[in-house]
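Subject: Structure handover and notes

Dear colleague,

Please find the structure below, followed by my notes on what came out of going through it. I would be glad if you could read the two side by side.

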Amino acid sequence: MPDLDANVRIRAAKLSDTPQLAALMCELGYETTSDEMKSRLKSILPNVRYSTFVAKIRKELCGMIGTLTHMSHEHNDLSGKIVALVVSKNQRRSGVGRALIAAAEKDFVRRNVTRVTLTTRFEREGAHRFYEELGYSRTGFRFAKSLARASKGRPAKTSVADVD
């Protein structure tokens, strides 16, 4: 692995980072417009349960990590989740991802988080090796299902209260 560029800087994300963050989401495979990213950031940035850090080298924003701190049904202490991590293609394998993970873990420790989870797609084998090298273990599978949205102004046909 090449040495991390000495000019890398990790800082909290700002709303003004929107265009670069949208481009990074596209590199990760999630087509995202600047308007969509701006809308997401307007909800995420002020929410104290979330943290979003960006990596910059010189004037280039080249990576981001987003985290969530939460209680769980399984444990008494706080848990953390890495919800997004992306490094621009031209900076991958340069140490930027490691620096972003380190910043997130430091923030989790500050928040008294004792365990961190993350998910990654099956086909991202390089990412799997990366996380394992950083001490993360494979502990299970993630399952996903898309749910239809209720029509505007009309309640969904079922609710949790309706389920036996």
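Asn 112 is exposed, with 58% relative accessible area, where exposed stands for over 50%, buried for under 20% and partly exposed for what lies in between (1.4 Å probe, protein chains only). This residue sits in the loop between H3 and E5, and its phi is positive, at about 65°, although Asn 112 is not a glycine. A second residue of this kind is Arg 93, a non-glycine with a positive phi near 65°, which is found in the loop between E4 and H3 and counts as exposed at 66% relative accessibility. As background, most residues other than glycine have a negative phi.

Before going further, please bear in mind that this is a predicted model, in which local features need pLDDT of at least 70 and side-chain atom pairs count only at pLDDT 80 or more, while totals for chains, interfaces and linings use all residues. Residues are numbered from 1 along each chain as its sequence is written, and side-chain values use heavy atoms, with hydrogens and water left out.

On the overall layout, the protein chain has four helices and five strands, arranged along the sequence as β-α-α-β-β-β-α-β-α; helices (H or I, at least four residues) and strands (E, at least two) are DSSP runs numbered from the N terminus. Of the 164 residues in the protein chain, 34% are buried. The accessible surface comes to about 11500 Å², with 52% of it belonging to carbon and sulfur atoms, as computed by the Shrake-Rupley method with a 1.4 Å probe, only the protein chains shown counting as cover for residues. Among contacts (heavy atoms within 4.5 Å) with a separation of 6 or more, 60% are between residues 24 or more positions apart.

Turning to the strands, E3 and E4 pair in the antiparallel sense over eight bridges, pairing being assigned if DSSP finds at least two bridges between two strands. Within this pairing, His 70 has Ser 79 in E4 as its bridge partner. E4 also runs parallel to strand E5 (residues 115-118), to which four bridges join it; here Ser 79 stands opposite Arg 115, and Lys 81 has Thr 117 as its bridge partner. The chain passes from E4 through H3 to E5 in a right-handed β-α-β crossover, a term that applies if, with the strands pointing away from the viewer, the path from the first strand over the helix to the second runs clockwise. E4 is mostly covered, with seven of its nine residues buried.

Leu 85, leaving aside neighbours within four places in sequence, is in contact with Leu 28, Met 64, Ile 65, Leu 100, Ile 101, Phe 130 and Tyr 131.

Arg 98 is partly exposed at 29% relative accessibility, whereas Glu 133 is exposed at 54%. Another is formed by Arg 111 and Asp 107, whose closest N and O atoms are 3.0 Å apart; Arg 111 is buried at 19%, as is Asp 107 at 7%. Asp 107, Arg 110 and Arg 111 are linked in a network of salt bridges. Arg 138 and Glu 132 also meet in a salt bridge, at 2.7 Å, with Arg 138 exposed at 61% and Glu 132 partly exposed at 37%.

With best regards

How values were computed. A salt bridge is a side-chain nitrogen of Lys or Arg within 4 Å of a carboxyl oxygen of Asp or Glu.
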